[in-house]
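Trainee: I would like to learn how to read aromatic contacts in a protein model. Where do we start?

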Amino acid sequence: MSKNFASHADLDEKTISFDRLSDNAYAYTAEGDPNTGVVIGDDAVMVIDTQATPVMAQDVIRRIREVTDKPIRHVVLSHYHAVRVLGASGYAPEQIIASEDTRDLIVERGEADMASEIGRFPRLFRAVESVPGLTWPTITFRGHMTLWLGALEVQLLQLGRGHSKGDTVVWLPQQKILFSGDLVEYGATPYCGDAYFTHWPATLDALAALKPEKLVPGRGAALTTAEQVQEGLRGTRAFTSELFELVKQGVAEEKDLRAIYKDTYAALKPKFGHWVIFDHCMPFNVTRAYDEATQHPDPRIWTAERDLEMWRQLEG
């Protein structure tokens with residue numbers, strides 16, 4: 001393999017920020033690493049995405065304890081990827097909430113995804129031995145769910161497929177603050193290995209229709225103005241749409257996957273190559289786009305073995 005596999009070259013520690021978005025909402029971000037959202041209600045705390053291990057979750061808890069001593073009762077999974085959910089046990093929550101689609105994905109491919117992502121992200125699975133196993137939701141919903149943290153309304157919404165079939169956003173309607181999960185990224189490359197490219201633009205339209213004034217993306221800095229929110233939405237839409245169009249063009253020209261990958265990489269590198277994890281994501285993204293444009297409307301399961309085989313095919 002001519003390039004380091006996935007994120008194996010990404011070993012430098014990142015600077016962590018814990019940004020206050022309102023009296024109730026905070027964003028835990030780290031220079032393009034997976035983000036965690038925090039919502040503080042009248043009598044309890046909600047954590048949105050958990051970090052990759054219980055040991056890594058302790059730093060989120062430390063930041064929460066700097067601003068509140070209320071119990072952490074709720075964990076929300078924006079989707080099922082291991083790097084976002086395997087730290088859940090570190091919070092000892094009363095409830096772990098996810099969409100039914102997300103639970104279905106854990107049943108179908110949770111074990112394979114865990115092995116795959118641990119192999120891809122050596123730095124992000126610090127103290128991986130602290131992970132007790134898969135994270136299972138204790139409450140599931142379909143479409144829409146509302147929680148009241150005292151007087152604070154928290155809506156959990158499935159607005160459409162994009163990054164995965166189980167995507168859930170957390171919306172604070174009283175404050176116009178949105179936690180988007182990986183449906184939106186900012187200065188970071190969207191991972192599309194389990195994506196629905198055909199659906200993603202309409203899902204972004206549904207997010208925009210909420211008119212959020214602040215947004216916590218899956219990766220990248222918290223967006224604290226309506227203008228930044230629009231920039232994040234536009235950037236994610238541009239990357240995913242342009243990539244899919246390039247791949248569909250290659251399929252129409254009857255090129256093979258490796259040729260399509262090389263062409264797509266070359267076309268997108270000047271515009272997006274400076275985004276975090278660009279080189280990591282591109283082989284997975286183009287492979288999934290090729291699948292969707294040909295014979296696989298639903299994403300195939302990534303295993304650790306399939307990851308390496310694909311990487312050798314496209315980067316070897």
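Mentor: Start with the rule for a pair: rings of Phe, Tyr and Trp pair if their centres lie within 6.5 Å. Keep in mind that this model is predicted.

Trainee: Which residues form one aromatic cluster here?

Mentor: Phe5, Tyr191, Phe284, Trp302 and Trp311 do. The whole structure holds eleven aromatic pairs.

Trainee: How do I read the geometry of a pair?

Mentor: Look at the angle between the planes. Over 60 degrees counts as edge-to-face. Phenylalanine 5 and tryptophan 311 sit 5.4 Å apart, centre to centre, with 80° between the planes, so they are edge-to-face.

Trainee: Which parts does the pair of phenylalanine 5 and tryptophan 311 tie together?

Mentor: Phenylalanine 5 lies in the segment before strand S1, and tryptophan 311 lies in helix H8, so the pair links parts 306 residues apart in sequence.

Trainee: Are phenylalanine 5 and tryptophan 311 buried or exposed?

Mentor: Buried means under 20% relative accessible area. Phenylalanine 5 is at 10%, so it counts as buried. Tryptophan 311 is buried too, at 0%.

Trainee: What does a tilted pair look like?

Mentor: Take tyrosine 265 and phenylalanine 278: 5.4 Å centre to centre, 55° between the planes. Tyrosine 265 is in helix H6 and phenylalanine 278 in helix H7, so this pair ties together parts 13 residues apart in sequence. Tyrosine 265 is buried at 16%, and phenylalanine 278 is buried at 2%.

Trainee: Which arginine lies over the face of tyrosine 196, at 4.6 Å from the ring centre?

Mentor: Arginine 161 does. Arginine 288 also lies over the face of tyrosine 196, at 5.7 Å from the ring centre.

Note on methods: Residues numbered from 1 in each chain as written. Predicted model: local features only at pLDDT ≥ 70, side-chain atom pairs only at ≥ 80, totals over all residues. Heavy atoms only, no water. Phe/Tyr/Trp six-rings, centres within 6.5 Å; stacked < 30°, edge-to-face > 60°. Helix = DSSP H or I, 4+ residues; strand = E, 2+ residues; numbered from the N terminus. Buried < 20%, exposed > 50% of the residue type's maximum accessible area, 1.4 Å probe, protein only. Lys NZ or Arg CZ within 6 Å of the ring centre and 35° of its normal.
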